[in-house]
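I opened this structure to look up a few things and note them down. The entries follow in the order I made them.

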Amino acid sequence: MTYQALRLRTLQILDKGDENDLASLWCDRFITVLVLLNILAVVLESVASLQAAYAVFFEVFEEISLVLFSVEYVLRVWASGARYPDASGGAGRGRREYAFGFHGLVDFFATAPFYLQWIVPGLDMRVLRTLRLIRVLKLSHYSSAIEDLFSAIRAEARSFFATLYILLIAILISPSLMYFAENEHQPDKFASIPDAIYWAVITLTTVGYGDVSPVTWVGKAISIVTAFMGVCTVAMLTGIVASAFSNQLARRKVIFEAELREAMSDGVLSEQERRQLESLKTEFNLSDEQVQALMAKVGRERKS
């Protein structure tokens, strides 16, 4: 196997695998299980009795995980050089895009807590343990959930940020009014407008812990208006995001269906066309059922 072929094969194994590539699938599963075990270890370490009883086990497991994640990161940087031919930027472009992209930064910071204790002596170990939770984001290699969320928000950016603007106005006006209404009667809870902002956020998001509440009739009236504003804005944000997700899935189905029609225009799916469709299916995070439904639809249309 040549150097370029080895690098390309490494990239295929480390990237999200498909059902026809067992090596890649097992690699995905191994890294996923390792990440989940790391998160479980961080959680269990916070229990004093477990930390005292199994401190050596936690330490050894962390060191093994660190070695594996470090090797994975180095391999991803190296293999990313196979993403582009020399005419399109070559190895340098692929490695830069990975290293400074979302996934590359997550992979880097997944190992950073261990090295930070050498670079910054005396750093609070509790901070390092918390930073290790970043490793859960490594699962985004195999799930497009976070990317789908940001993509959906970008698609509905105007509506989303317009609603956030309304929410921001409410967060500024409501606590200001509440401060002047309640400060004299509850100076410990509404000592300033920033203190009242806590109450406003809890009320607007409809959480309502009940630890801070108005006692004057003016404050109660402000609370009623604030609660209604919170219900409306939260419902609007939820609806916008839900609608954006639905529209995004519909757009993906349309694009995939168009590619499928073109591939089946001659009545035969070549191996290259199958790979392209499989790659598109993975990129769009479409299920097998959705793909089969689209293929059946296109097949019926061709027969008619």
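In which helix is Ala 91 found? I note that the model is a predicted one. I found Ala 91 in helix 5, which covers residues 90–99.

I looked up the accessibility of Ala 91 next. Its relative accessibility is 21%, so I put Ala 91 down as partly exposed, since buried would mean under 20%. Leaving aside neighbours within four places in sequence, I listed Arg 7, Gly 81 and Tyr 84 as the contacts of Ala 91. I also checked Lys 253, which lies 162 residues from Ala 91 along the chain; their C-alpha atoms are separated by 33 Å.

I then looked at the axes of helix 1 (residues 3–14) and helix 4 (residues 55–79), which come within 9 Å and cross at roughly 125 degrees. That angle makes helix 1 oblique to helix 4. I recorded their crossing as left-handed.

My last entry is on helix 10, residues 193–204. Its twelve residues reach 16 Å from first C-alpha to last, close to the 16 Å expected. I listed its buried residues as Ala 196, Trp 199, Ala 200, Ile 202, Thr 203 and Leu 204. Helix 9 and helix 11 are included in what covers them. After helix 10 comes Thr 206, with a positive phi near 60 degrees.

How values were computed: Residues numbered from 1 in each chain as written. Predicted model: local features only at pLDDT ≥ 70, side-chain atom pairs only at ≥ 80, totals over all residues. Heavy atoms only, no water. Axes fitted to C-alpha atoms, helices over the stretch in contact; angles between N-to-C directions. Helix = DSSP H or I, 4+ residues; strand = E, 2+ residues; numbered from the N terminus. Parallel < 35°, antiparallel > 145°, perpendicular 65-115°, else oblique. Left-handed = near helix turned anticlockwise from the far one by under 90°. Expected span 1.5 Å × (residues − 1). Buried < 20%, exposed > 50% of the residue type's maximum accessible area, 1.4 Å probe, protein only. Contact = heavy atoms within 4.5 Å.
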